[in-house]
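Colleague: I have a structure open and would like to learn how to read it. Can we go through it feature by feature?

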Amino acid sequence: MEYDNEEHGFISVPAPEFGAIFMSNIATKRDCFKHKVLGLPSSMGNFVKEVKKGMILFLFEYERRQLFGVYRAISDGGMNIVPHAFSSSGKQFSAQVRFVLIWRCSPLSEDEFRDAIRENYFSTRKFHFGLSDEQV
């Protein structure tokens, strides 16, 4: 399954091995923290269902192009774990996983983390969301 969001420059195909990057804008980032759930569109359901409890997670806020974390999945990924978590944004992000903060860090700019996920980039501003053990 492939999800292509040209507007924001991201695509994801490979399943996560040891961790994953979720994405948000400024408004949906607030929803993530309020409901303790990270979400992606339903078209990313197969990817999110491969996220397992205990995996390391990050949140990429694409408007400022900053990476937040470090989080740990406290549930397996699934559909509609918190059905109306993102209703304030007017969008549906039904492929979800619950998370907790495990290490509070200052957000990293894309320039600061790009080298760590270099293999995930398939164009200048587009990358796959799944992370290997080395990348985590």
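Modeller: Start with burial. A residue counts as buried when its relative accessible area is under 20%, and as exposed when that area is over 50%. Keep in mind that this is a predicted model.

Colleague: Is Phe 129 buried or exposed?

Modeller: Its relative accessible area is 0%, so Phe 129 is buried. Phe 127 also has 0% relative accessibility, so Phe 127 counts as buried.

Colleague: What share of the protein chain's residues count as buried?

Modeller: The chain has 136 residues, and 51% of them count as buried. The protein chain exposes about 7,000 Å². Carbon and sulfur atoms supply 49% of that area.

Colleague: How many helices and strands does the protein chain have?

Modeller: There are 3 helices and 12 strands. Now look at how the chain meets itself. Take the contacts between residues at least 6 apart in sequence. Of these, 67% join residues at least 24 apart.

Colleague: Next, the aromatic rings. How many aromatic pairs are there?

Modeller: Two rings pair if their centres lie within 6.5 Å, and planes over 60 degrees apart count as edge-to-face. The count here comes to 10 aromatic pairs. Take Phe 33 and Phe 99: their ring centres are 6.1 Å apart and their planes stand at 65 degrees, so this pair is edge-to-face.

Colleague: Where in the chain do Phe 33 and Phe 99 sit?

Modeller: Phe 33 is in helix 1 (residues 26–35), while Phe 99 is in strand 8 (residues 95–101). Phe 33 has 29% relative accessibility and counts as partly exposed. Phe 99 has 2% and counts as buried.

Colleague: What kind of pair do the rings of Phe 127 and Phe 129 make?

Modeller: Their planes are at 80 degrees and their centres 6.1 Å apart, so they too form an edge-to-face pair. Ring pairs also link these two into a cluster with Phe 47, Phe 60, Phe 113 and Tyr 121.

Colleague: Now charges. How many salt bridges does a search of the whole structure find?

Modeller: It finds 4. Here you look for a side-chain nitrogen of Lys or Arg within 4 Å of a carboxyl oxygen of Asp or Glu.

Colleague: Last, confidence. Which elements have the lowest and highest mean pLDDT?

Modeller: Strand 1 (residues 3–5) has the lowest, 42, and strand 8 has the highest, 97. The protein chain averages 86, and 89% of its residues score at least 70. Over residues 1–12 the pLDDT is below 50. Where pLDDT is low, the predicted coordinates should not be read in detail.

Technical notes
Residues are numbered from 1 along each chain as its sequence is written. Side-chain values use heavy atoms; hydrogens and water are left out. Helices (H or I, at least four residues) and strands (E, at least two) are DSSP runs, numbered from the N terminus. Buried means under 20% relative accessible area, exposed over 50%, partly exposed in between (1.4 Å probe, protein chains only). Contact means heavy atoms within 4.5 Å. Accessible areas come from the Shrake-Rupley method with a 1.4 Å probe; for residues, only the protein chains shown count as cover. Rings of Phe, Tyr and Trp (its six-membered ring) pair if their centres lie within 6.5 Å; planes under 30 degrees apart count as stacked, over 60 as edge-to-face and the rest as tilted. pLDDT is the predictor's confidence in each residue, from 0 to 100.
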